[in-house]
Amino acid sequence: MSGNSLVLPIVLWGRNAPTHCISSLLVMDDLATIITGCHDGQICIWDMTPELEINPRALLFGHTASVTCLSKASAGSDKQYLVSASESGEMCLWDVNDGRCIEFTKLACAHTGIQFYQFNIGTQREGRLLCHGHYPEILVVDATSLEVLYSLVSKISPDWISSMSIIRSHRTQEDTVVAVSVTGILKVWIITADVSRMQDLDPVFEEESKPIYCQGCQSISFCTFTQLSLLVVCSKYWRVFDAGDFSLLCSVPSENNQSWVGGEFIAADKVIIWTEDGCSYIYKLPASCLPASEHFRSNVGKKTEGSIPPLVYSIADRADKQLLICPPVTRFFFGRREPFHKLLIQGDSAGRLTVWSIPETSPLQPLSSVSVSISLQEAFDKLMPSPAGIIDQLSVLPGSNEPIKVTASVYIPSQGRLVCGREDGSIVLVPATQTAIVQLLQGEHMLRRGWPPHRTLRGHRHKVTCLLYPHQVSPRYDQRSLVSGGVDFSVIIWDIFTGEMKHIFCIHGGEITQLIVPPENCSTRVQHCVCSVASDHSVGLLSLRERKCIMLASRHLFPIQVIKWRPCDDYLVVGCSDGSVYVWQMDTGEPGLRGQRSEVMLMGNLPKYSHNSLVVQAMKTNVTDPDMHVLFFDVEAVIIQLLTEEAQRPNPTLVSPETLQKAPGGADKGGSFLANKIFKQVKETIKENIKEHLLDEDEDEEEEQRRREEKSKSLSLLEYNLTMDTAKLFMSCLHAWGLNGELDEVCLTRLGMLRPHTPVSFGLISRGGHMSLMLPTFKDSLLRQLAEGCAEGRKLSVSEIVGKGTYGVSRAVTTQHLLSVISLANTLMGMTNATFIGEHMKKAPARPPRPGTPETPRKTTPQASSPALQAQIKQGNYKDRALASKIKSAHMKTSALAVKQTCLCWSQLAAMHCVMLPDLLGLDKFRPPLLEMLARRWQDRCLEVREAAQALLLAELRRIGQSGRKDTIDMWAPYLPQYVDVVSSRKCHALLPHQVFK
């Protein structure tokens, strides 16, 4: 998507929850939000209530590799920031409230642990991120810009850091960073106020380096209760050290070949240690480890190995634990605010979160009952109605409640069609906006079976794995051709207009995993091919014109990860998962070079983005998942297409009755209304007769063409106006339903909008294309929030949930939605046919129908002979002219009145969203728009978006009052440039106090 475009995503998840194999876990300080990162690169935000009820809220997309670590990036509760890192070196800073990506960067090294560190500089608080991983130092990164400021470096035995802890000193101004390297050497760095301010200076070397013989260190934690103990957990033992001189106080080996993976102090005299298989144990520390005891440090220097402290109790795992793909992730957190829960939280590869509340008193038996346990799929299954997929209404088989899964999809913007390949091998073609309306909005379509009109293609025996419409990538391909690949090893070419199967390629020995279009500057023969990749490690070039395979490369030893092109050398470059690279001659199929992966050979061929008002993108978090579909609405493109169609449409209101009276001669020249109609009929009849005589010799070809067009008539799916349908779907989803009953009725009856029958899962696109998508379960969190302000026992309607929920989620979401709905309402306000009801919603034919098609009869009989018709035309009738003039005048007045009333309706809708929304929704539920986002749109390139941003900004500045405006200026002041233009400064000084800030 374009960086400056206003693009809003709406997601249709389907009934199957996305795969979420948890790799990292974090609980925010207020114990109200849980963050989980997964091996596929996504981050899930879960809401948790004080009663320990957990509900998944949103899924964040941005990382391309497994998420290795998570950390908070702010200390305040008003703005909660989160930082994440992946195996590929990516770092992202997220806003927890709305899922916005604030900042992102990519380093050459991968982090395995991040800790947040905050310090004071005068009255200012600044944050730093201390990162360690697969590199021999600790990087200190700015928590706001993600810029590396300086590093903590080892002079003695530098090595990768296994784990790290920050010891905060309340007695001195010095804080200590304690870390253990992979070779078991403990390192100590001292961070003073002067060091914290450092930027781009010499590295800071360690103050102390001491071998403690803790190879394979898994975690290190500081006792915040006594501030005198340090817990180091290794895979085969755990140890407690004195935090002063790092003397060993006790050491406990693992039992029954268990592998420890982490631990934490839960009290001054208790620690909790957890294993790789998800079991946890709480031990009571011996007196020699307790600073309050008289026996403290009594065992220093003595052999302590083997002295196992008493086990208080164990936390047993679930008895019905399923076989997991990878070890679960366990963390311990305790609340710093009420309620002071002590929580042990575990996330596994099935996307399940399990929470135990650790009691203060010791139970007599293992703690097996969990406080709460929920997975993404269980949260999806609880929803009623079930989350909708893009073509669920067409995929439910008789006698079954589960729809057939969609496994591959491609959207064709030029035709507004969505092509979906399914698990049973069938392919469905359907109008994208119409099928989305069925899933999201109420209307007559809900009573129709098999709506919208669609076509099913059958040819694959099993699951369809990939789809490609080559003409969308390059116009050199035939626009009729659709290519599909399946798990049955075949590649099929379809005629998308007739639904015919043109050819089947069966050259691979595995399921087809990719279909790729070669670049423009390849040879002529290759330009009419598509490249197919299969799971048997083979690559083929399939000619759509010649209907044969011109190259098959099948000597790769490992799975194929990437295909690149060197057209100037006629090379096809294949990169495999083991890092090897194969180079093939495209025209001859001969192998060229082979070697290790080269960045020069594998330079990317980035896909081009076309500027369409609606793009439907199939997504999946894992290759085993069915497709979920995201509808991307480009507001600027919708506005441009609406205005373009308005300019091309004749405007009847321009011909007013006054104009007709001023030019009476015009009516005489054109003849009467009836005469014009008869003359057109005669003209069409003459044209058809001429065409019949000219095309007599091609009768057989014409009949064959007619039969084809009749066969493909149902494939035209639906004659509808794609732009107006897109606007209808978009506005119906964005409108704040349930807040103004009269306006809702106007929207339904006069404007033709439709109510949503389920809460809409919106998304938010932020910096660098990072995206957050609301899960369908977010409405449960909304219900809890909204129910607090409702009368007891009153159940909220879907409309109220949609209206209040859409603008009560976050400030960024409110800003994007209000900009979109106001700019589109202003655009529709200036149009002639600005309602979603009537004949203009149907698509006008692009060209006149051919003679002999079902739309135009092949032979028509004139209603009267030519001389009689000519006589009527010549004579004319004054009464007919007068009657036609009166009818036309009345029609023009009615049309003008209807247009005026429609404009008034759109004006009311825009005014409600711009000004009245805070009062209707309530200030406690309303999330106001972000002023900085509106300021960036003040000079937007799209006039309608610019005017909407200016109106919203001025309305918000008036709403917050003088004190709010002063706070905004104070907050923005540090970021404003120090130099000013004297002339413009005087103008602004003269204008702003009177216009905006008064």
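The crossing of helices α3 and α11 is left-handed in this predicted model. Helix α3 covers residues 432-440 and helix α11 covers residues 722-734, and the two pack with their axes 10 Å apart at an angle of about 20 degrees. Angles under 35 degrees count as roughly parallel, so α3 and α11 fall into that group. On the α3 side, the residues that take part are T433, Q434, A436, I437 and L440, and they meet L722, D725, T726, L729 and C733 of α11. Sorted by class, this contact has 6 nonpolar residues, 3 polar ones and 1 charged one.

The axis of α6 (residues 635-648) comes within 10 Å of that of α15, and the two cross at roughly 5 degrees. That puts α6 roughly parallel to α15 as well. From α6, the contact takes in V635, V638, I639, L642 and L643, while α15 supplies S820, S823, L824, T827 and L828.

Helix α15 itself runs over residues 811-829, and Q816 is part of it. Q816 has a relative accessibility of 9% and therefore counts as buried, the cut-off being under 20%. Setting aside neighbours within four places in sequence, Q816 touches L6, L8, L764, I765 and M933.

Turning to the strands, S484 sits in β36, which spans residues 481-486. With a relative accessible area of 0%, S484 is buried. Its contacts beyond four places in sequence are I427, H460, C466, L467, S490, V491, I492, W494 and L515. Two of these partners also show up as polar contacts made side chain to side chain: the S484 side chain pairs with that of H460 at 2.7 Å and with that of W494 at 2.9 Å. As for L515, this residue is 31 positions away from S484 in sequence, yet the C-alpha to C-alpha distance between them is 8.1 Å.

Some backbone details in the loops are also worth a look. Most residues other than glycine have a negative phi, and most peptide bonds are trans. Against that background, L31 has a positive phi, near 55 degrees, without being a glycine. L31 is found in the loop that links β2 (22-27) to β3 (33-38), and with a relative accessible area of 9% this leucine is buried. D570 is another non-glycine residue with a positive phi, in this case about 60 degrees. The loop that holds D570 lies between β43 (560-566) and β44 (571-576). D570 is buried too, since its relative accessibility is 13% and the limit is under 20%.

The peptide bond between M384 and P385 is cis, with omega at about 0 degrees. P385 belongs to the loop between helix α2 (376-382) and strand β31 (406-412).

Definitions and conventions
Residues are numbered from 1 along each chain as its sequence is written. This is a predicted model: local features need pLDDT of at least 70, side-chain atom pairs count only at pLDDT 80 or more; totals for chains, interfaces and linings use all residues. Side-chain values use heavy atoms; hydrogens and water are left out. Helices (H or I, at least four residues) and strands (E, at least two) are DSSP runs, numbered from the N terminus. Buried means under 20% relative accessible area, exposed over 50%, partly exposed in between (1.4 Å probe, protein chains only). Contact means heavy atoms within 4.5 Å. A polar contact is a pair of N or O atoms within 3.5 Å; within protein, one must be able to donate a hydrogen and the other to accept it, and residues adjacent in sequence count only if both atoms are side-chain atoms. Axes are lines fitted to C-alpha atoms, for helices over the stretch in contact, and angles run from 0 to 180 degrees between N-to-C directions. Angles under 35 degrees count as roughly parallel, over 145 as roughly antiparallel, 65 to 115 as roughly perpendicular and the rest as oblique. A crossing is left-handed if the near helix is turned anticlockwise from the far one by less than a right angle, and right-handed if clockwise. Ala, Val, Leu, Ile, Met, Phe, Trp, Tyr, Cys and Pro count as nonpolar, Asp, Glu, Lys and Arg as charged, and the others, Gly among them, as polar.
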